[in-house]
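Biologist: Could you put the model up on the screen, so that we can go through it together?

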Amino acid sequence: MTTPPVCNYEGSDYQTSFWDQGGREYEDRAEAIALRRLLPKGGRLLLELGAGAGRNTPRYAGFERVVLLDYSTTQLEQAQVRLGRSDRYIYVAADIYRLPFLDGLFDAATMIRTLHHMTDAPSALAQVRNVLQPGAVFILEYANKLNLKAILRYWLGRQKWSPFTLEPVEFAVLNFDFHPKAIRAWLKDLGFSIERTLTVSHFRVGWIKRHIPPRLLAALDGLFQPTGALFQLTPSVFVRSKVEGARLKVNIPTDPVALFQCPECGSGDLLEKLDHLQCPRCEANWAVKEGIYDFRAKV
Ligand SMILES: C[S@@+](CC[C@H](N)C(=O)[O-])C[C@H]1O[C@@H](n2cnc3c(N)ncnc32)[C@H](O)[C@@H]1O
């Protein structure tokens with residue numbers, strides 16, 4: 001099966017250069033406010049897609065267990081340093097286009113600052129939909145092409161692409177901005193009903209960030225976030241949607257190995273070997289190393 005290209009973060013210092021030393025305390029705090037508003041109070045098993053170094057993971061404290069999924073093992077290693085290894089966190093290296101989980105497993109999922117690397121966003125979202133239970137909550141953050149700065153640049157003739165058209169724009173290699181209407185249509189087509197939309201990062205402008213302390217700016221952002229229900233003109237948008245259908249009592253296995261299915265042939269019941277998992281049907285082997293289940297390529 002061929003899948004779209006992956007924006008590879010292997011060996012990247014993203015967490016340090018972009019967040020810790022990149023002057024983004026305001027954005028981080030604003031996201032924390034949005035997540036507090038959108039997350040369910042609690043739940044059993046949350047899937048974090050594109051978890052990176054686990055920057056947001058501590059915010060999912062209401063959930064019994066969290067699966068951190070990322071294509072990059074070095075990002076997951078950084079997450080392990082931050083969160084530690086315990087039964088509470090399950091670290092999985094895999095491609096979002098080829099998720100290695102049983103269908104209808106999770107009661108919640110988040111995908112933050114990750115859809116913007118997806119060349120084929122609808123098929124990535126379809127993968128997410130497959131592994132969610134009926135009634136599950138999905139919190140999606142996406143980069144918005146219809147943002148105020150892009151609109152002004154377009155009107156002033158400084159940007160060729162139109163922020164008003166529905167197709168995604170690849171503003172840098174494997175970095176996409178999306179139109180809010182397109183995101184809504186994709187979610188609805190997949191059987192999600194949209195419950196709440198928040199606009200985030202209203203003040204992502206250099207001189208404002210230099211003059212107003214991040215904590216205050218994030219609090220102001222929080223005041224404006226609910227306007228997302230009416231219009232979305234910020235660079236970042238958070239949407240909470242729910243899988244249609246009534247919540248069922250789903251049996252979620254406690255053994256992490258029992259959560260998986262072979263991404264090659266779709267078989268469950270993977271066999272646990274010394275340093276890998278083996279598919280009983282197609283005999284594909286998947287490495288398990290330093291607490292990370294690796295489903296990117298067969299070994
Ligand atoms: C911009 S980072 C965001 C990390 C984290 N969500 C945060 O907000 O701090 C995007 C993450 O998505 C991961 N990613 C990109 N494409 C992926 C794919 N196809 N499958 C799994 N992870 C992917 C990258 O490895 C990277 O860690």
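Modeller: We will go from the sheet to the helices and then to the core. This is a predicted model, in which local features need pLDDT of at least 70 and side-chain atom pairs count only at pLDDT 80 or more, while totals for chains, interfaces and linings use all residues. Residues are numbered from 1 along each chain as its sequence is written.

Biologist: OK, in what order do the strands of the open sheet come?

Modeller: The 11 strands run in the order S8-S9-S5-S4-S1-S2-S3-S13-S12-S11-S10, with mixed pairing. Strands here are DSSP E runs of at least two residues and helices are H or I runs of at least four, numbered from the N terminus, and two strands pair if DSSP finds at least two bridges between them.

Biologist: And which are the edge strands?

Modeller: Those are S8 (192–200) and S10 (271–272), each of which pairs on one side only.

Biologist: What about S2 and S3, do they run parallel or antiparallel?

Modeller: S2 (residues 63–70) and S3 (residues 89–93) run parallel and are joined by five bridges; Val-66 stands opposite Tyr-89, and Val-67 opposite Ile-90.

Biologist: Is S3 buried or exposed?

Modeller: Five of its five residues are buried, that is, 20 or more other C-beta atoms, placed from the backbone, lie within 10 Å of the residue's own. Tyr-89, Tyr-91 and Ala-93 are on one side of S3, with Ile-90 and Val-92 on the other.

Biologist: Switching to helices, which residues of H6 are buried?

Modeller: In H6 (residues 180–189) they are Pro-180, Ile-183 and Trp-186. They lie on the same side of H6 because they cover an arc of only 125 degrees around the axis, the arc being that of the directions from the helix axis to the C-beta atoms. Their cover includes H4, S5 and S9, and just after H6, Gly-191 takes a positive phi of about 90 degrees.

Biologist: Last topic: which residues touch the most other members of the largest nonpolar core?

Modeller: Of its 74 residues, they are Leu-46, Leu-68, Val-92, Phe-106, Ala-109, Val-128 and Phe-138; such a core is a set of buried Ala, Val, Leu, Ile, Met, Phe, Trp, Tyr and Cys residues joined through C-beta atoms within 7 Å. S5 gives the largest share, eight residues.

Methods:
A residue is buried if 20 or more other C-beta atoms lie within 10 Å of its own, exposed if 12 or fewer, and partly exposed in between; C-beta atoms are placed from the backbone. Two residues are in contact if their C-beta atoms, placed from the backbone, lie within 7 Å.
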